[in-house]
Every structure is written in C-alpha cells, then in structure tokens.
Amino acid sequence: MKFFIDTADFQEIREAHGLGLVDGVTTNPSLCAKVGIKTDQQFEDLIRQICELVQGPVSAEVTATDAAGMLAQGRHLAKIHEHVAVKIPMTPEGLKATRVLAEEGIKVNVTLIFQPVQAMLAAKAGAAFVSPFIGRLDDISQRGMEIVEQTLTIFENYGFDTEIIVASIRNPLHVLEAALAGADIATVPFGVIMQLMKHPLTDAGLKKFLEDWERVRG
Ligand code: E4P
C-alpha cells in the first residue's frame, strides 16, 4: 500500500518524507487555509515545492464549481509540475471536467466520494484516483471502510485501473483496515503517521534493553 500524507504543512511533509512514508501528498482548501495560504501565488509555490521534494503525485484542488472554471484551474495547476494531480469534487460539473482533463492526459483525483457508485462514475470518466472519505462516514455512524471494500470489488469486476486513495483517515485502525482491504493508497495525517510507529511494549522493551546494558557496565 502506498502512503500519501494528508497535509499542506511543508515541515510535516519533510519529516514524513525522511521516514520514507511519503509516496504522494493530498491537500485541500481547508488544509491550505490551516497553514495560512492566502494567495494563488502562495498556493502554487507550495505545490511546486512539495512536488520537487516528493517526486510523486501531489493533489491540488480546484475551487471553481462549474466545469469551465474547473478546466481552466485544472490546466493551470497541471502546468506547475508534472507530479500535480488535479483534485476535482464529485459533482456533475466535476465529472465533465474530469473527462476532459483525463483525455488531455492530466491526472485527476476525484474527491468527496461517499458511496461506491460515485467512485465508479469517476473511474468511467477517466480519473486516475478516487478518494472515498471514510472518517466522515464513521462520524455519522456509517462504516466508512465498506465503501472502500465495495469500490475495490467494482474496480476489479470491470478492470478499472483507477487507484483508490482511502481518505479522511482519523486513526491507525483506519490504516490497518485500508491495508487489509487491499486499498492502493492511504492518505494519512501527520499525527496518525507518528501514531503508527508507536506501541507501549516497544517503548518498555527498549527501556529494559538499555537498562540491562547499562547495569552490567556499571
Ligand atoms: C483527502 O484527500 C482529504 O483532503 C482529507 O482526507 C479529508 O479529511 P477530513 O475528513 O479529516 O477533513
């Protein structure tokens, strides 16, 4: 399973990259707002900087809501760097824009997917990636991972090569479930990446090893 990091914070990306855990990056307008991106220029500079570091797919989201606007933004974003994947919301207008961008050879990540048929429509439109949001479904008492499992089945049934990015991950269990389901990619917030490495028995075991080592050495 590939690991993407779900953040627009360059320091977090750099740290996770150092751990070898960044095959790609997903950003969205909320994540960009969180790190204080205020202008298009700042956004483009950040995306370029991330692409150069990561050398893998970096999702940059459009903010237009009509197909023509999404196409203009998408083409502009794709020119920033070869690794940009244009992130487009799962709407009728988004689907139209996805089809055209995909035909032009631009990678599209269709986002805000909450049911498997939406993912199938995005794949039919030529999306390179689909992003089912599992945490937001769990938040409303619907098992989010079920849409990942069903989407995997649909893609296998029809031979779609669209990759599934498990998104809206909230905890290490989501990462485990994504891997068990056979998802292509999990996009994981920095805090959860750090949690993945932790276990109290690892810490206790290391402490004991070091204490024993020091004890006999006086
Ligand atoms: C992924 O592409 C999304 O940006 C992200 O995973 C959404 O996560 P949230 O539901 O925690 O905002």
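Trainee: How many salt bridges does the count come to?
Mentor: The count comes to 11 salt bridges, where a salt bridge is a side-chain nitrogen of Lys or Arg within 4 Å of a carboxyl oxygen of Asp or Glu. This is a predicted model, in which local features need pLDDT of at least 70 and side-chain atom pairs count only at pLDDT 80 or more, while totals for chains, interfaces and linings use all residues. Residues are numbered from 1 along each chain as its sequence is written, and side-chain values use heavy atoms, with hydrogens and water left out.

Trainee: Which residue forms a salt bridge with Lys-2?
Mentor: Glu-163 does, with 2.6 Å between the closest N and O atoms. This pair links distant parts of the chain, since Glu-163 is in strand 7 (residues 163-166) and Lys-2 is in strand 1 (residues 2-6), 161 residues apart. Helices (H or I, at least four residues) and strands (E, at least two) are DSSP runs, numbered from the N terminus.

Trainee: What does Arg-75 form a salt bridge with?
Mentor: Its partner is Glu-104, and the closest N and O atoms are 2.6 Å apart. Arg-75 lies in helix 4 (residues 67-80) and Glu-104 in the loop between helix 5 (92-103) and strand 5 (108-113), so the pair ties together parts that are 29 residues apart in sequence.

Trainee: Why does Arg-75 count as partly exposed?
Mentor: Because its relative accessibility is 33%. Buried means under 20% relative accessible area, exposed over 50%, and partly exposed in between (1.4 Å probe, protein chains only). Glu-104 is also partly exposed, at 41%.

Trainee: And where do Asp-212 and Lys-208 lie?
Mentor: Both are in helix 11 (residues 200-216), four residues apart, which is about one turn of the helix. Salt bridges that share partners join Lys-208, Asp-212 and Arg-215 into one network. The side chains of Asp-212 and Lys-208 meet at 2.8 Å, N to O.

Trainee: Changing topic: where does the ligand sit?
Mentor: The ligand sits in the largest pocket. On a 1 Å grid over the protein atoms alone, a pocket is an open set of points where a 1.4 Å probe fits, with protein on both sides within 12 Å along at least five of seven lines. A molecule sits in a pocket if more than half of its atoms lie within 2 Å of its grid points.

Trainee: Which residues are around the ligand?
Mentor: Among them are Asp-6, Thr-26, Lys-87, Arg-136 and Ser-168, each with a heavy atom within 4 Å of the ligand. A polar side-chain atom of Asp-6 lies 2.6 Å from a ligand oxygen. For Lys-87, a side-chain N or O atom is 2.6 Å from an oxygen atom of the ligand. The protein covers 84% of the 340 Å² of accessible area that the ligand has on its own.

Trainee: Is Ser-168 buried or exposed?
Mentor: Ser-168 counts as buried, at 8% relative accessibility. Ser-168 lies in the loop between strand 7 and helix 9 (172-181). Its side chain reaches the backbone nitrogen of Arg-136 at 3.1 Å.

Trainee: Finally, how many helices and strands does the protein have?
Mentor: The protein has 11 helices and eight strands. Of its 218 residues, 45% count as buried.

Terms used: Polar contact = N/O pair within 3.5 Å; in protein donor to acceptor, adjacent residues only side chain to side chain. Areas by Shrake-Rupley, 256 points an atom, 1.4 Å probe, with all protein chains shown as cover. 1 Å grid on protein atoms, 1.4 Å probe; cavity = no way out; pocket = protein on both sides within 12 Å on 5 of 7 lines; lining within 4 Å.
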